[in-house]
Amino acid sequence: MDEADEENTPTTRLLTLLNVSALKRKRPLDSDSPVPEISRQKLNKRKAVGFAANLESGPSKVVDSGDVEDGSKNENQDTEEDLGANAGGEANDATVALESYESHFGPEPNILTESSRNVADKRQWKSARVQISKFSAITSMLPTDSNSLDAKLSKKSAILERLRTPFEVRQAKQPDEQIQVQNDLLSILSSHLDLYHTALSLDHHRSTREAVTLHALDHVTKKRRRVLKNNERLAHAKSASQAPPADVLDQGFTRPAILILIPFRSSALAWVNALTTHTPSPTYQVENHSRFAAEYGLPPGAVDKLAEAEPGTHPRDHIETFKGNVDDNFRLGVKLTRKSVKLFAEFYGCDIILASPLGLRMSIEKEKNADFLSSIEILIVDQMDALAMQNWDHVQFVLSNMNKLPKESHDADFSRIKPWYLDGHSAYLRQSILLSAFKTPEMRSLYNQSLKNVAGKVRIDKSWPAIQVPASIDQLFVSFDCVSLKEEPEKRFNYFTTQLLPKILKSAVRSSNTVIFVPSSLDFIRVHNYFRKQTSVSFAVLSEYSTNQDISRARQAFFTSKKSFLLISERFHFYRRYKIRGIRNIIFYGPPDHPQFFSEFLSYPFLDDGVEGDDVCCRVLWCKYDRFRLERIVGTKGIRAFLEGGSAV
C-alpha cells in the first residue's frame, strides 16, 4: 500500500479525526472542560425522568419563534433545556425500559460479537415462519445461536411509561384491530429487530406511523437522557474535585440518530403530525410551525383537487398518495427538547432527519459530505412503493452513505463515543424499518443484502387474493424462458418483438385500439424507440414526462382511432391515473407492480358503450423473475401452480 492509499484508509482517517479534535478543543476532563456546570439548585428543580413532565394528551402548543438557531453544539454540551433526565433515582418502569435500550445500543452490547458480525456478513440466518396475532405470515431471520422470535419480542414495558400512558389513552378510542396491530408492531420494534413490512394497507398506515413514531421518540428520549445524566455526573465530579467517571460512553460521532426517508412533503407533514401527537400539551411547544405549514402544505389559496373531489372520482390509494404538497425535493431537521419540538434545526444539531432520497442526495453531493448520517441508529423508510416509482437509485445512494466513519470531527467528544462507533460497527446495530404496500425484487434485495442488524430481522408478508376479471375476456399469460436475471430485459424485448407483437400485427382486430403497458422505465424507452422505427405502425405515447397538452392529444388520437397503439408507462399511470377510453386490446409488457393497475386497465374498455367481454383481449408477458408481481395478480395460493403450469390461464 502506497502513502496515498494509506492516508485514505478508515483507520487512518479516524486517527486523523482524533488528533484534529484534540488540537481544536480541550478534553472534557481538563480543568477548562466544556462540560456544563449545573448547580444543585437547578438539579433540584429538574422534572421527573421522561419525555415530558405532563401526561395529559392533546395537541402541542404552537410557537413561532423564527428559525431555530444553529444547533451544532456537541451532545455533551446540552443543558436542562433538552430532553429531561432526573438527577435522582429512576423509577422501576424507567429502569426496565432503559435496560432494553442499553442491551442493544449501550457501550458494550452483548449481541455484537465477531461471530454475530460474520453471520450478518455471510447472511447465515436461522429462518422460521411464525404467526403473531394479526400478522399471519411472518418470516424471522435470526442468528443461529439466538433465542426464538417469541422469546426476543419485547413487551410494552420497553416503552417509557411517560410516553406509553398517553398513547394507550389515545389507543382506547381506536378499533380493536388497529390496537392489536400497533401493539404487535411495538413488540417487534422494541426488540430492536429490523422490520420489513410488505403488506401495509391504507387502513393501517396512519396507526402504523403513530406506532413507529412512538418507538422513535422513545429511542431519542432514552439516548438523550443517558447523555444528560452523564453530563451531570461529570459536572458533579468536577465541582467536587473528584476523578471523572469512566463509564460515560454514550454518544456517536454526530447527534442525528433517526433518519426517516419519505417520498413527498405531504408525507413529511403526516410524520411530523404523528410525532407531535405524542408530545403532551400544554407544556410542549412546536417551534417554526407556521413556516413548516407554509413550506410543506399547499400554498395559500390553493385547492387540493384530489381531496375535494367527489367520492369515487379517483381511486382511494391515489388520493392518499398524492393529496397535499407532492414536491419530492426536501430535507428537514427536527430537534427534540424537554419542552419543544424544534423544526428546521441544523442537521448536526438535530435528533431526527426527515427527507426525500432526492433531497438528501442533492445535499450530500453539494456538500460532498454525509457525516450527518454517520451515527444513525434507526432508519425508517416509508411508502417504499412510491419511492420505487421515483428513482430507486436515490434510495440506494443514501443507504450507501450511512454509518460511515466521518470525514470531519464536528466537535465530537471522542472520549464519550461508544466503542462500536469507533470500530466502524454501527451498521451491525442500526435498526431498519421498511414500510411498503407490496414487495419488489429491489426492496427484497435491500432487505436481504444490506441490513446487517445482529439482533435479527423479520418480514411481514401478505396472502394476496387472485384478481377477479370477467370470464369472457380473452386473457392469456404468455411466458418466455430466461435463465439469468441479467439477461431478462434482452430476452423479454426479443420475445415481444419477434413473437408476441408480430402475431398482434397480423390481426386487423388486434392491431388497433391496443394499449401496451410497460412497467419498467428502461423497458419503456426501449419499446418506444422500437416503435419509432416502425414506420407502418401508428402510435401515441403517455409517459411520466408527457405534458398536459401531450396527454390530451394522445388520448384523443387513440380514442378516435387515429393512432392504433398507445404506449403507457407504469409511472405515468401511477402519477396521473387517467381513465383511458377506446381500449379493446391490452398488452402488458410485464405484470404491473401495482396490482390494482391490472384490474383498472381491464375495466377501461367497458367505459365505452356497447362493449362486451368477448370484445376485449388481454396478453401478459412474463417470466419466472416476475414472481412477486404475478402473485399479486393470480393470488398467493395459485402462484406456485401457475409458475409450474405453463403460459395459459
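C618 is buried, with a relative accessibility of 0%. This is a predicted model, and it holds zero disulfides. A disulfide is a covalent bond between the sulfur atoms of two cysteines. For C618, the nearest cysteine sulfur is that of C617, and it lies 7.2 Å away. C618 is therefore in no disulfide, because the two sulfurs would have to be within 2.5 Å.

Now step back to the whole protein. It has 25 helices and 18 strands. Of its 649 residues, 54% are buried. Take the contacts between residues at least 6 apart in sequence: 80% of them join residues at least 24 apart.

Next, look at a sheet. Strands of a sheet pair through backbone hydrogen bonds, either parallel or antiparallel. Here six strands form an open sheet, in the order 13-18-17-14-16-15, and the pairing is parallel. Strand 13 (474–479) and strand 15 (539–542) are the edge strands, and each pairs on one side only. On average, neighbouring strands of this sheet are turned by 15° against each other, direction ignored.

Six bridges join strand 13 to strand 18, and the two run parallel. F477 has V620 in strand 18 as its bridge partner. Strand 18 (residues 617–622) also pairs with strand 17, again in the parallel sense, over four bridges. There, V620 in strand 18 stands opposite F588. To get from strand 17 to strand 18, the chain passes through helix 23 (residues 595–603), and this β-α-β crossover is right-handed. On its other pairing, strand 17 is joined by four bridges to strand 14 (residues 514–518), and these two strands run parallel.

Which way do the side chains of strand 17 point? In a regular strand the side chains alternate between the two faces of the sheet. In strand 17 (residues 585–588), N585 and I587 point one way, while I586 and F588 point the other way. All of these residues are buried. Helix 23 packs on this sheet. The helix touches strand 13, strand 14, strand 16 (565–569), strand 17 and strand 18. Its direction makes about 160° with that of strand 17.

Strand 2 (residues 126–132) and strand 3 (residues 135–142) run antiparallel and are joined by six bridges. I132 stands opposite F135 in strand 3. The two strands form a hairpin with two residues between them, and S133 takes a positive phi near 50° there.

Most residues other than glycine have a negative phi, and most peptide bonds are trans. Q383 has a positive phi, near 55°. This residue sits in the loop between strand 10 (378–381) and helix 15 (384–390). H410 also has a positive phi, near 55°. Its loop runs between helix 16 (392–400) and helix 17 (419–422). H410 is partly exposed, with a relative accessible area of 22%.

What lies in the interior? The largest nonpolar core has 51 residues, and I258, V334, I352 and L354 touch the most other members. Helix 9 (residues 202–239) gives the largest share of this core, six residues. Take I258 and leave aside its neighbours within four places in sequence: its contacts include A216, H219, V220, I352 and I378. Another core lies apart from the largest one. It has 47 residues, among them F347, L379, L387 and V398.

Finish with S103, which lies in helix 4 (residues 92–105). S103 is partly exposed, with a relative accessible area of 43%. Neighbours within four places in sequence aside, S103 is in contact with P109 and N110. S103 and H192 are 89 residues apart in sequence, yet their C-alpha atoms are 9.8 Å apart in space.

Methods. Residues numbered from 1 in each chain as written. Predicted model: local features only at pLDDT ≥ 70, side-chain atom pairs only at ≥ 80, totals over all residues. Heavy atoms only, no water. Buried < 20%, exposed > 50% of the residue type's maximum accessible area, 1.4 Å probe, protein only. Pairing = 2+ DSSP bridges. Right-handed = clockwise from strand over helix to strand, strands pointing away. Core = buried A, V, L, I, M, F, W, Y, C linked by side-chain atoms within 4.5 Å. Contact = heavy atoms within 4.5 Å. Axes fitted to C-alpha atoms, helices over the stretch in contact; angles between N-to-C directions.
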